[in-house]
Amino acid sequence: MFKVLKQVQDYAKESFQAAKFIGQGLSVTFDHMRRRPVTVQYPYEKLIPSERYRGRIHFEFDKCIACEVCVRVCPINLPVVDWNFDKKVKKKKLDHYSIDFGVCIFCGNCVEYCPTNCLSMTEEYELASYDRHELNYDNVALGRLPYKVTQDPAVTPLREFAYLPKGEVEPHDLPAGSQRPGKRPEEILATMTKEEETKE
Ligand code: SF4
Ligand code: SF4
């Protein structure tokens, strides 16, 4: 008799424990249903890079004066500026320019210090290649216009999840013009200008 009672007691105890563990597991599942998604259906969906994203560098050949400032400020002296001195006009003449993105650390120093603004950082991040030598971009490759996620008809652009409006967890069907949390740089600037005007 006691043995049967003991078996019933053990069975009830184990059932209770099993129910408890299932409940714990499901609580994690239900908790995730309220969280923002972390996956993107790449390559059909792509995140829109943030405004100050440092991607592939764009170079404008005609603006470059071959001053080599970009080489001097680069932590690894990476840009290769190939120039000749044109005796007729007594000026440097740029022949070739290249940056090896297999080595570049995308620090943006060259872009920051270039006196003629012929370098700029784009939002292009898909640089994968089977051959590392293909990452050495010459002035033609560097001069290609940047690729934009928002202009690719085959891709659904998604706003960065961290930039979703407050309380929004679904990035796919955001109404047009919905505002991310926090202020945009131009809004901050407008506020600062207004404050300065009030002081004066
Ligand atoms: S981004 Fe930085 S590492 Fe790359 S070329 Fe410019 S200065 Fe050099
Ligand atoms: S700093 Fe600008 S202008 Fe000077 S060599 Fe580099 S890319 Fe050309």
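C104 is found in the loop that runs between β4 (91-100) and α3 (109-113); helices (H or I, at least four residues) and strands (E, at least two) are DSSP runs, numbered from the N terminus. This is a predicted model, in which local features need pLDDT of at least 70, side-chain atom pairs count only at pLDDT 80 or more, and totals for chains, interfaces and linings use all residues. Residues are numbered from 1 along each chain as its sequence is written, while chains are lettered from A and ligands numbered from 1 in the order in which they are written.

- An unreviewed UniProt entry gives the annotation "binding site" to C74, C104, C107 and C110; UniProt positions follow the numbering used here, feature names are shortened, and annotations may be inferred rather than shown by experiment.
- These residues are spread over 37 residues of sequence but cluster in space, with a largest C-alpha distance of 10.7 Å.
- C104 is buried because 21 other C-beta atoms lie within 10 Å; the cut-offs are 20 or more for buried, 12 or fewer for exposed, and in between for partly exposed, counting other C-beta atoms within 10 Å of the residue's own, all placed from the backbone.
- Leaving aside neighbours within four places in sequence, C104 is in contact (C-beta atoms, placed from the backbone, within 7 Å) with L78 and I99.
- C74 sits in the loop between α2 (69-73) and β3 (80-86).
- With 18 other C-beta atoms within 10 Å, C74 is partly exposed.
- Not counting residues up to four places away in sequence, C74 touches P79, N109 and C110.

- C67 lies in the loop between β2 (57-59) and α2, and C67 is partly exposed, with 16 other C-beta atoms within 10 Å.
- C70 belongs to helix α2 and is buried, since 25 other C-beta atoms lie within 10 Å.
- Neighbours within four places in sequence aside, the contacts of C70 are P79, C110, Y113, C114 and L119.

**Ligand 1**

- Ligand 1 is surrounded by 13 residues, of which the closest are C74, C104, C107, N109 and C110; a residue is near a molecule if its C-beta atom, placed from the backbone, lies within 6 Å of it.
- The shell around ligand 1 has eleven nonpolar, two polar and no charged residues, where Ala, Val, Leu, Ile, Met, Phe, Trp, Tyr, Cys and Pro count as nonpolar, Asp, Glu, Lys and Arg as charged, and the others, Gly among them, as polar.

Conventions:
Two residues are in contact if their C-beta atoms, placed from the backbone, lie within 7 Å.
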